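Student: I would like to go through this model and ask what stands behind each term used for it.
Tutor: Go ahead; take the terms one at a time.

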Amino acid sequence: MDRFVVMVDAGYLLHQSAEIVSERASTKRHHLEVMNPAALINLLLEKTRTALGLTTRELLRVYWYDGVMASGLSPLPDVHFRSGIVNAAGQQRGVDSLIVTDLIELASNGAISDAALVTGDGDFAIGIEMAQKKGVRIAVIGVEDTELGVSHRQSFEITSRADRVARLNVYDLSAVMRYVPPATPMA
């Protein structure tokens, strides 16, 4: 099948984006406003097409994996929200296993020929290898700004296994997101 998929670990994307857009003042996702969710999805699609050299492939869908509610992204065309959980410490859980499971299932069913993973976690290495054994080309997309000193925080395990590696930077992100500083308490 000549279709591609984009799988977004929202925790990774939003944490990294908050740090960059805030110029390192925050890494908190609630300090980040996605001004134009459709433009963010289009940015991810364009970065995927460029990284994998996709000119004629059809999009299957964008999977948005998050431990919290969809924050306005699920009503967008071709975007499917997949929910993990948030533990008592406010950390998302279960997202990694959902991504790996979906990637392996789509590859095994021949539903995709290419996939982009927006993540940094080394736990995806086995999923990448298994999908590649089924003939799927994999790109991993990171978020970094070397001028600010914000590294992509992607594990060597995934960047070394991926067929392609691409990065989003401050210029990409500032067009679709902005920093919302925390309110100052009134004296």
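This is a predicted model: local features need pLDDT of at least 70, side-chain atom pairs count only at pLDDT 80 or more; totals for chains, interfaces and linings use all residues.

Student: What share of the residues is called buried, and by what cut-off?
Tutor: Of the 187 residues in the protein chain, 47% are buried. The word is used for a relative accessible area under 20%.

Student: Why is a group of 36 residues called a nonpolar core?
Tutor: The term requires buried residues of nonpolar kinds, such as Leu and Trp, joined through side-chain atoms within 4.5 Å. The largest such set here has 36 residues, and Leu 13, Leu 44 and Trp 64 touch the most other members. Elements that give two or more residues to this core include helix H1 (10–21), helix H2 (37–52) and strand E3 (58–66). Another core, of 25 residues, lies apart from it, with Tyr 65, Ala 107, Ile 112 and Val 136 among its members.

Student: Which residues does Leu 44 touch, leaving out those up to four places away in sequence?
Tutor: Val 8, Leu 13, Trp 64, Val 118 and Leu 168. Each counts as a contact because heavy atoms lie within 4.5 Å.

Student: How do you know what span to expect for helix H3?
Tutor: The expected span is 1.5 Å times one less than the number of residues. H3, residues 95–108, has 14 residues, for which 20 Å is expected, and the span from its first C-alpha to its last reaches 20 Å, so by this definition the two are close. Among the buried residues of H3 are Val 95, Leu 98, Asp 102 and Ala 107. Just after H3, Gly 110 takes a positive phi of about 70 degrees.

Student: What makes E7 and E8 a pair?
Tutor: Pairing needs at least two bridges found by DSSP. Five bridges join E7 to E8, so they qualify, and they run parallel. Asp 114 has Arg 137, in E8, as its bridge partner.

Student: Why are E4 and E9 said to stand at the edges?
Tutor: The open sheet has six strands in the order E4-E3-E1-E7-E8-E9, with parallel pairing. E4 and E9 each have a single partner strand, so one side of each is left without a neighbour in the sheet. On average, neighbouring strands of this sheet are turned by 20 degrees against each other, direction ignored.

Technical notes. Residues are numbered from 1 along each chain as its sequence is written. Side-chain values use heavy atoms; hydrogens and water are left out. Buried means under 20% relative accessible area, exposed over 50%, partly exposed in between (1.4 Å probe, protein chains only). Helices (H or I, at least four residues) and strands (E, at least two) are DSSP runs, numbered from the N terminus. Axes are lines fitted to C-alpha atoms, for helices over the stretch in contact, and angles run from 0 to 180 degrees between N-to-C directions.
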